[in-house]
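Trainee: I would like to learn how to read a protein model one feature at a time. Could we start with the strands and how they are arranged?

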Amino acid sequence: MPNDSSPQTPFDAVTDPDPQEALTAGASLNRAPGAEEYAAQIKETADKLSRDHASRGDVKLIATAVRELRYCFKVFASYRGKRKATVFGSARTLPDHPAYIAAQQFGRRLVENGWMVITGAGGGIMEAGHRGAGRDDSFGLNILLPFEQSANSVVQGDPKLVTLRYFFTRKLMFIKESDAVVLFPGGFGTHDEAFEALTLIQTGKSHIFPIVMVDEPGGDYWKLWQRFIADCLLARGYISSHDSSLFRVTDSVDEAIREVTGFYRIYHSMRYVRRELVLRLRSRLSDHLLEQIKWEFEDILAGGKFEQVEALPEEANEPELLGLPRLKFRFDRHAAGRLRQLIDLINLEG
């Protein structure tokens with residue numbers, strides 16, 4: 001998701017002819033507004049809806065979305081310091097199915113590694129992930145549907161269960177709060193979430209995180225999907241070869257756990273500060289590795305060079321991360337797959 005140090009663009013100055021709106025948007029280019037200023041913008045937008053004579057349905061949609069998001073933010077706020085993985089998969093998978101058993105094992109193993117599990121709170125794979133993780137380490141983002149979807153018994157009644165009306169608010173929270181996305185076999189919804197996560201990372205609209213497709217042991221569900229990606233998307237030029245680095249396919253829970261947790265072995269997080277991408281790391285890079293990065297990943301630079309730096313002044317609003325070393329560079333945002341390869345190389349050090 002965009003963060004508060006992403007380059008500011010005065011979208012309203014372009015799309016809204018209101019002169020005051022243009023002035024406000026232009027001012028945000030010079031400094032990052034605080035939370036109170038953003039809240040004031042929300043109130044101002046609400047006033048404009050009344051002034052614009054927006055329909056009842058349009059206003060209701062916005063009001064419901066804002067209310068849902070506010071409550072979700074409140075629920076997750078106390079757990080910001082813990083890594084979380086979102087688990088997707090079919091709500092129709094039965095408890096004796098190998099994929100259900102694998103998802104349950106994955107949830108248990110993830111919690112043993114200090115993580116928490118987020119699912120859509122329904123049955124099948126979602127229930128399996130929660131059963132493995134246990135109630136205390138499970139979040140549920142349920143969706144109101146006319147059929148099929150009700151909260152599973154693991155999270156039913158838990159304060160970490162949220163029921164949402166809109167898919168778009170639910171999907172936003174899945175990605176915003178996730179440090180990894182793990183997908184077991186499923187239907188349209190599972191593929192929707194898979195391509196959503198891939199698209200957001202590929203287009204730079206999300207922080208980068210591991211995406212893992214997990215088959216049942218010996219299964220071919222995701223292998224067939226991977227073949228489609230190679231034969232129909234890559235071969236026809238709809239994606240680049242580097243985009244295949246954005247996901248992993250496996251039929252091993254052990255490998256899935258290594259992929260998810262290993263991604264944060266040295267890499268910690270990322271943030272844009274003005275035009276620079278800043279990778280926060282758990283340890284400083286060796287001189288040898290830094291030189292290797294400079295010649296091996298020169299193609300992902302949009303100017304400038306790779307630099308090891310300390311926390312930048314603009315990062316002062318995250319005091320818990322100020323002690324981490326940084327790798328700073330001007331990133332070509334067309335190269336998400338190569339960025340993933342860079343992080344993989346960094347995680348190999350030591």
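This is a predicted model: local features need pLDDT of at least 70, side-chain atom pairs count only at pLDDT 80 or more; totals for chains, interfaces and linings use all residues.

Trainee: Which residue stands opposite methionine 116 in β2?

Mentor: The general idea is that strands of a sheet pair through backbone hydrogen bonds, in either a parallel or an antiparallel way. In this pair, lysine 84 is the residue that stands opposite methionine 116 of β2.

Trainee: In what order do the strands of the seven-stranded open sheet lie?

Mentor: Reading across the sheet, the order is β4-β3-β2-β1-β5-β6-β7, and the pairing is parallel. At the edges you will find β4 (161–164) and β7 (248–250), each of which pairs on one side only. From one strand to the next, the twist averages 20 degrees. Further along, strand β5 (residues 180–183) runs parallel to strand β6 (residues 211–214) and is joined to it by three bridges, with valine 182 standing opposite valine 212 in β6.

Trainee: Which strands does helix α7 lie across?

Mentor: Helix α7, residues 167–176, lies across β1 (84–88), β2 (116–119), β3 (138–143), β4 and β5, and its direction is at about 160 degrees to that of β3.

Trainee: What is the order of the strands in the four-stranded open sheet, and how do they pair?

Mentor: Here the order is β8-β9-β11-β10, and the pairing is antiparallel. Because β8 and β10 (307–309) stand at the edges with a single partner strand each, one side of each is left without a neighbour in the sheet. Neighbouring strands of this sheet are turned by 25 degrees against each other on average, with direction ignored. Helix α12 (residues 336–348) packs on the sheet, where it touches β8, β9 and β11 (326–329), and its direction makes about 30 degrees with that of β9.

Trainee: How many residues lie between β8 and β9 in their hairpin?

Mentor: There are two residues between them, and arginine 274 in the turn has a positive phi of about 55 degrees. The two strands pair in the antiparallel sense over six bridges, and along the pair serine 269 stands opposite arginine 280 in β9, while valine 273 has glutamate 276 as its bridge partner.

Trainee: Why can strand β8 be called largely enclosed by the rest of the structure?

Mentor: The reasoning is to look at each residue in turn: seven of the seven residues of strand β8 (residues 267–273) are buried, so the strand is largely enclosed by the rest of the structure.

Trainee: Which residues touch the most other members of the largest nonpolar core?

Mentor: In soluble globular proteins, nonpolar side chains tend to be buried together. In this model the largest nonpolar core has 82 residues, and Leu279, Leu327, Phe329 and Leu342 touch the most other members. Leaving aside residues up to four places away in sequence, phenylalanine 329 touches several residues, including Leu277, Leu279, Ile300, Phe306 and Leu342. A second, separate core of five residues includes Ala121, Ala151, Val155 and Leu161.

Trainee: What share of the residues in the protein chain is buried?

Mentor: Buried residues make up 47% of the 350 residues in the protein chain. The chain exposes about 17500 Å², of which carbon and sulfur atoms supply 55%.

Definitions and conventions
Residues are numbered from 1 along each chain as its sequence is written. Side-chain values use heavy atoms; hydrogens and water are left out. Buried means under 20% relative accessible area, exposed over 50%, partly exposed in between (1.4 Å probe, protein chains only). Accessible areas come from the Shrake-Rupley method with a 1.4 Å probe; for residues, only the protein chains shown count as cover. Two strands pair if DSSP finds at least two bridges between them. Axes are lines fitted to C-alpha atoms, for helices over the stretch in contact, and angles run from 0 to 180 degrees between N-to-C directions. Contact means heavy atoms within 4.5 Å. A nonpolar core is a set of buried Ala, Val, Leu, Ile, Met, Phe, Trp, Tyr and Cys residues joined through side-chain atoms within 4.5 Å.
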